[in-house]
Each structure stands twice: as structure tokens, then as C-alpha cells.
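Visitor: I'd like to learn how to read salt bridges in a protein. Can you walk me through it?

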Amino acid sequence: MVEQLVETPFARLFKPRLHPADLAKALARAMEQGAVAAEGRVMVPSRYTVRLNPADVEILRRQSDLTEEIAAIERYLALLVRETASSAAAPLRVEIMADASVAVGQMAITAERLSSPATADNDTKQFQPEQPPAHRWRLQLPDGAVSLGMPIVRIGRDPANDVVLTHPTVSRHHAQLRWQNGVYFVENLSRRQPLGLNFAAVSQPTPLKAGDSLQLGQVTLRVEIVP
């Protein structure tokens with residue numbers, strides 16, 4: 001059985017030209033939004049159809065070999081499945097289609113989950129979300145909030161981090177959050193600076209929950225899950 005899970009337009013992430021990296025990030029989000037829990041596992045969609053304006057499809061074809069780019073994106077999605085300890089009922093496949101109804105610079109993604117006939121009748125009961133999805137998690141910083149949602153979130157003073165903290169007591173690469181089994185795990189990446197979780201030192205990857213506080217040097221972050 002094929003079940004449609006997600007069909008959402010995504011605005012272009014890198015302007016002014018569409019790039020394969022745009023597709024990879026949008027597909028990763030579609031995978032996350034389509035993830036469901038079943039029998040102790042997190043199941044993600046297996047088939048992804050990306051509809052683009054014909055002009056954008058032509059741009060992608062001129063930039064690179066589209067077949068190779070699709071294969072690279074499929075490998076990237078497979079890596080996300082492994083890193084998040086998720087499962088898919090079939091090999092991950094991505095298809096790009098030209099669709100004049102999609103505006104230039106936008107994309108519409110349909111994510112589908114394939115299931116065997118033996119389990120199709122029970123899909124509605126089995127596949128129910130048990131944990132808040134990653135995009136509902138965020139970190140409350142001293143000067144605002146940062147939404148998470150990515151499989152891996154790196155925190156530190158270096159501008160290349162996903163969450164940048166400029167305080168001098170924070171290491172350049174201080175901590176990492178990894179999405180696994182429906183929660184974020186925090187890990188200390190710094191060799192010199194400790195990482196605190198609720199004011200206790202973190203010595204190994206540790207699961208987080210709403211209300212937890214993280215101490216990186218003299219900076220405290222709060223874990224939140226939004227409705």
C-alpha cells in the first residue's frame with residue numbers, strides 16, 4: 001500500500017538560484033515530518049516526489065548531472081536514517097518532476113510510505129506519533145530562541161555551528177545534539193570546557209527532555225518543546 005504522508009511547498013532556501021542543496025534540506029524536513037512511531041521503531045517515508053517549476057528543473061540540469069545529484073541526495077537521506085536510528089519499509093527513492101503549477105523558486109514534496117499487504121490493514125493503528133517531532137524542539141538562549149529540527153545540531157563559538165554562542169567561556173565546538181529514537185541526545189565536544197545538564201557534568205551522550213537546562217561555560221540554555 002502507498003500512503004501519502006506529506007505534501008508541502010518549500011520556499012527556496014538559497015537565493016537567487018535553486019541548488020541541489022535546497023532539495024536535500026527540504027527532503028530532510030519532509031522525512032522528519034513524515035516520520036511515525038510503530039512497534040518501538042521510527043518509520044520514515046520511502047518515496048519522495050519533488051515537483052518543481054520547469055524553469056527550475058532546467059536550471060538544475062544545467063548546473064550538474066541531475067541523475068548523479070539525485071543519487072547523492074538519496075545517499076544523504078539514507079545517512080540520516082542511520083544517524084537517527086530510523087527505518088524505512090523500502091529503499092529510499094527520490095524523483096523530480098516538472099510541474100508548471102509550482103511557482104518558480106518553490107518546490108512541492110510528496111512523501112510516501114510503502115507497506116506490505118500483510119500490515120496495510122493495521123497501518124492506521126500502528127503508525128501513530130508517540131513523541132513530539134524534532135521541529136517542535138527549540139533552545140531558549142539568553143537573547144532569544146533557536147528552533148531545532150535537524151538530525152545533528154552543533155553548538156559553539158565558531159560561526160560555522162548551527163547554534164552560535166559568542167561568549168568567551170564557550171568553546172569553538174562545545175556541544176552536539178543528535179536526534180535519535182524520538183529525542184535529542186546531548187554530547188560534549190569540548191576537550192577543555194565542561195558541559196552541564198541541569199548542573200551535572202555530561203560525560204556521555206544523554207537524552208534531553210523539556211525543561212532541561214544546558215550549561216556551556218557561563219551560558220545557560222533551556223530545552224523547550226513547543227505546541
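**Reading the salt bridges**

Guide: Let's start with Asp-158, which is buried at 10% relative accessibility (buried means under 20% relative accessible area, exposed over 50%, partly exposed in between, with a 1.4 Å probe and protein chains only). This is a predicted model, where local features need pLDDT of at least 70, side-chain atom pairs count only at pLDDT 80 or more, and totals for chains, interfaces and linings use all residues. Residues are numbered from 1 along each chain as its sequence is written, and side-chain values use heavy atoms, leaving out hydrogens and water.

Visitor: Which side chain meets Asp-158 in a salt bridge?

Guide: First, the general idea: side chains of opposite charge can pair when their charged atoms come close. A salt bridge here is a side-chain nitrogen of Lys or Arg within 4 Å of a carboxyl oxygen of Asp or Glu. For Asp-158 the partner is Arg-172, at 2.5 Å from N to O. Arg-172 is partly exposed, at 47% relative accessibility.

Visitor: How many salt bridges are there in the whole structure?

Guide: A search finds 4. One of them joins Arg-138 and Glu-224, 2.7 Å from N to O. That pair links distant parts of the chain, 86 residues apart: Arg-138 is in strand E8 and Glu-224 in strand E18 (strands, E, at least two residues, are DSSP runs numbered from the N terminus).

Visitor: Is Glu-224 buried or exposed?

Guide: Glu-224 counts as buried, at 19%, while Arg-138 is partly exposed at 30%. Another bridge pairs Asp-212 with Lys-209 at 3.0 Å, and Asp-212 is buried, at 3%.

Notes
Helix = DSSP H or I, 4+ residues; strand = E, 2+ residues; numbered from the N terminus.
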